[in-house]
Amino acid sequence: MKRHKELQDKRKKFINQYVEDNNHKQMKVIISELVDKLFISEKTIYNILNQE
């Protein structure tokens with residue numbers, strides 16, 4: 001479980017940092033790029049962004 005939690009935390013940090021670094025782009029483009037990079041669904045990404 002500890003490893004799972006660490007991976008979730010890393011994913012959250014990466015997503016938040018990526019959004020922050022690319023805030024000049026439209027959110028739809030950012031989400032699409034994250035889906036391609038992380039192989040997770042748009043819904044998962046939006047859920048992670050909405051948690052904070």
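Q: Leaving aside its neighbours within four places in sequence, which residues is I31 in contact with?
A: In this predicted model, I31 has its place in helix α2, a segment that spans residues 27-38. Once the neighbours within four places in sequence are set aside, the contacts of I31 are E42, I45, Y46 and L49.

Q: Is I31 buried or exposed, and with what relative accessible area?
A: Buried means under 20% relative accessible area, and this is the cut-off against which I31 of helix α2 has to be judged. I31 falls under it and is therefore buried, its relative accessible area being 1%.

Q: How many residues apart in sequence are I31 and I45, and how far apart in space, C-alpha to C-alpha?
A: I45 is in contact with I15, I31, L34, V35 and I40 when neighbours within four places in sequence are left aside, so that I31 is one of its partners. Along the chain I31 and I45 are 14 residues apart, and their C-alpha to C-alpha separation in space is 7.2 Å.

Q: Which word describes how α2 and α3 lie to each other, roughly parallel or roughly perpendicular?
A: Helix α2 (residues 27-38) packs against helix α3 (residues 42-51) at an angle of about 115°, the axes being 9 Å apart. The crossing of the two helices is right-handed, and M27, I31, L34 and V35 of α2 make the contact with E42, I45, Y46 and L49 of α3. By class, this contact has seven nonpolar residues, no polar ones and one charged residue. Given the angle, α2 and α3 are therefore roughly perpendicular.

Q: How do the residues of the contact of α1 with α3 divide into nonpolar, polar and charged?
A: The axes of α1 and α3 cross at roughly 85° and come within 10 Å, and these two helices are therefore roughly perpendicular to each other. On the α1 side R11, K12, I15, N16 and V19 take part, meeting T44, I45, I48, L49 and Q51 in α3. Sorted by class, the residues of this contact are five nonpolar, three polar and two charged.

Q: Which residues make up the largest nonpolar core?
A: In soluble globular proteins, nonpolar side chains tend to be buried together. In this model α1 (2-21), α2 and α3 each supply at least two residues of the largest nonpolar core, and I31 and I45 are among its members.

Note on methods:
Residues numbered from 1 in each chain as written. Predicted model: local features only at pLDDT ≥ 70, side-chain atom pairs only at ≥ 80, totals over all residues. Heavy atoms only, no water. Axes fitted to C-alpha atoms, helices over the stretch in contact; angles between N-to-C directions. Helix = DSSP H or I, 4+ residues; strand = E, 2+ residues; numbered from the N terminus. Parallel < 35°, antiparallel > 145°, perpendicular 65-115°, else oblique. Left-handed = near helix turned anticlockwise from the far one by under 90°. Contact = heavy atoms within 4.5 Å. Nonpolar A, V, L, I, M, F, W, Y, C, P; charged D, E, K, R; others polar. Core = buried A, V, L, I, M, F, W, Y, C linked by side-chain atoms within 4.5 Å. Buried < 20%, exposed > 50% of the residue type's maximum accessible area, 1.4 Å probe, protein only.
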